[in-house]
Amino acid sequence: MTRSPAASARPDWLSTFLGDNKSQRGLIPKVKDAPDAPNGVCVYFEISGGVRSGAAGNISADAIPAGQSVSIHLPSVAEWTISDVRSDSGVHLKLYKTSYGVKGALHFDESVKGRVELDLDDGQIEATADEHCAGTLVHKNGALVAGSKGLGGLRVELNGGKLAGGEFRTVHLTHRGEIFPSSGVLSIEKLIVRNDNAILNLAGNNGQSKLDLIESSGDRPAVLSVQSVGQRRDTRPLTVNKIRDIIVAADSSMTIAVKDEAANTRFRGSVNVDFDGTSVGDRVIFESNRNEAPSVSAKPGAVIEGVEGELTIAGIQGAQISGAPGGFLIKQIKDTHKIGGQPLDTPCKGALLSGFRVPDGLRGRSMLNLLDDAHHIEPSTKSLPGWELGITGWLTSGKTRAEARVRQSGAALRHDAELMRKMRELTREKGASGAARTKVGWCAQRLRHETTQGRTERAALWVYRVLGYGERPGPPFVTWLLLAFVVVCVANFPTTWAEVFPTGWPDVGNFMFRWVERAASPFGAIVGSGTGTEIDSWQYLVRAFIAVPLVIFILALRNYVRSGS
């Protein structure tokens with residue numbers, strides 16, 4: 001009898017493999033041509049006539065040599081034990097559906113050291129493994145449930161398949177996977193994301209998903225796209241104890257509940273992040289995607305540090321959120337105490353907020369109303385409205401004076417003025433630092449100066465601006481020294497420079513002494529003494545003028561260094 005070309009091309013070790021696995025109760029192995037399978041063939045185990053359940057077998061891969069693999073088709077009604085898979089060989093398991101309605105099971109012996117690929121026909125199977133099993137299970141299709149005995153040391157790679165229940169130790173997400181807890185609790189100790197194209201779908205309304213840790217496998221954070229699929233919409237959250245070194249992107253609204261820690265993590269898109277009361281966050285970045293910013297809620301006691309980006313606050317009563325040096329932008333504060341008409345707490349009651357920014361104009365002003373019940377407020381002062389109208393802000397903004405003045409319309413300036421007035425009120429009442437209080441106060445006064453309608457008030461504010469509006473200690477200090485310098489120069493005019501500098505240039509000690517003496521003259525009035533040259537009331541009046549910026553400097557300095565209320 002002449003052998004077919006396909007048969008003659010079959011590997012020599014295949015007959016040995018068939019001999020090792022032919023004694024299976026109720027099952028008959030057959031070899032079929034399969035162009036897409038390794039070596040062009042697959043081993044197909046067929047249920048013998050009359051067998052409806054109870055079929056079982058042991059698949060030994062001992063005959064598969066190094067560098068080779070075999071495709072095996074098994075009926076899903078059987079209980080299979082996989083053994084003798086070498087570390088340098090592999091097995092592709094495809095479980096096909098039958099009409100018997102009996103679910104099968106897989107068990108991986110401790111002798112499994114190599115790679116086993118699992119492909120289900122959209123069915124579900126339960127798997128277990130020995131504690132010392134060191135193989136790799138690549139789950140490519142169908143639903144996998146971890147049995148009550150666990151998966152031992154078996155490495156699970158999720159590459160297209162679903163996890164439907166049970167307890168998993170470490171799961172490596174290599175491409176696309178799905179968490180589908182149909183009932184009960186699906187728990188994963190560690191989910192490791194291995195590349196930037198990883199997609200995790202969340203489905204199922206009846207079960208609950210719990211992950212102890214999500215992290216990247218490499219030195220840099222990987223991108224994990226998380227999506228809600230099927231009938232799962234705004235249902236139970238994905239609960240994670242720890243999440244670190246990862247970028248979580250979400251295109252649909254879903255919730256991630258952080259129970260313990262989020263470190264060096266970036267949340268992107270419309271994901272809702274809920275921090276538990278005992279959780280901490282460190283270097284957490286929130287990014288908008290398609291103009292949808294992540295939403296943050298936190299229970300009392302949560303501490304989130306190093307926050308950057310843009311976020312929506314959905315309720316942070318009693319929590320602490322601190323921005324990174326660059327600060328973060330609050331795009332929206334959801335007024336949760338109005339939901340359903342119930343008398344709930346305002347979204348930021350008792351919260352500690354620092355390093356934040358709000359949008360300019362009326363939108364930002366509206367948000368500040370919801371911070372009245374906050375415990376502590378410390379806004380970021382990197383880009384406050386009105387700061388660019390000052391000399392320092394103009395020099396650091398890179399704009400011309402004309403560009404700084406015409407940056408927005410008169411109405412927008414008035415809206416910013418109202419925004420800064422409210423922020424000034426909050427920083428004084430909520431314990432902001434001196435640097436924040438004085439800079440916010442200066443910006444509020446500068447915008448008031450820019451938008452005032454009265455000429456007299458504008459002129460008075462122009463003079464007051466020279467003194468830093470009583471907010472910043474620097475301007476009155478410089479004005480005090482300059483005023484004393486001018487008085488000394490005027491008092492010695494038109495005397496000759498020889499009288500000012502009796503020993504000639506470069507001896508400026510005499511002039512410097514007179515300058516310091518004049519600048520310190522207000523202190524003489526306090527202690528009841530004066531300079532010997534003051535022989536008329538005009539010079540006492542000059543002393544009073546010099547005292548004005550000095551007094552304002554002292555008051556502004558006190559405001560700068562004192563603690564907030």
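**View 1. Lys-430 lies in the loop between α6 (410-429) and α7 (434-451).** Helices are DSSP runs of H or I with at least four residues, strands are runs of E with at least two, and both are numbered from the N terminus. The model is predicted: local features need pLDDT of at least 70, side-chain atom pairs count only at pLDDT 80 or more, and totals for chains, interfaces and linings use all residues. Residues are numbered from 1 along each chain as its sequence is written, and side-chain values use heavy atoms, with hydrogens and water left out. The Lys-430 side chain reaches the backbone oxygen of Asp-372 at 2.6 Å.

**View 2. Arg-363 belongs to helix α3 (residues 361-369).** Its relative accessibility is 56%, so Arg-363 counts as exposed (over 50%). Between the C-alpha atoms of Arg-363 and Asp-416, 53 residues apart along the chain, the separation is 9.9 Å.

**View 3. Phe-267 and Phe-286 form a stacked aromatic pair.** Rings of Phe, Tyr and Trp (its six-membered ring) pair if their centres lie within 6.5 Å, and planes under 30 degrees apart count as stacked. Here the values are 5.8 Å centre to centre and 20 degrees between the planes. Phe-267 is in strand β17 (residues 238-275) and Phe-286 in strand β18 (residues 280-287), so the pair ties together parts 19 residues apart in sequence. Phe-267 is buried at 0% relative accessible area, and Phe-286 is buried at 1%.

Technical notes
A polar contact is a pair of N or O atoms within 3.5 Å; within protein, one must be able to donate a hydrogen and the other to accept it, and residues adjacent in sequence count only if both atoms are side-chain atoms. Buried means under 20% relative accessible area, exposed over 50%, partly exposed in between (1.4 Å probe, protein chains only). Rings of Phe, Tyr and Trp (its six-membered ring) pair if their centres lie within 6.5 Å; planes under 30 degrees apart count as stacked, over 60 as edge-to-face and the rest as tilted.
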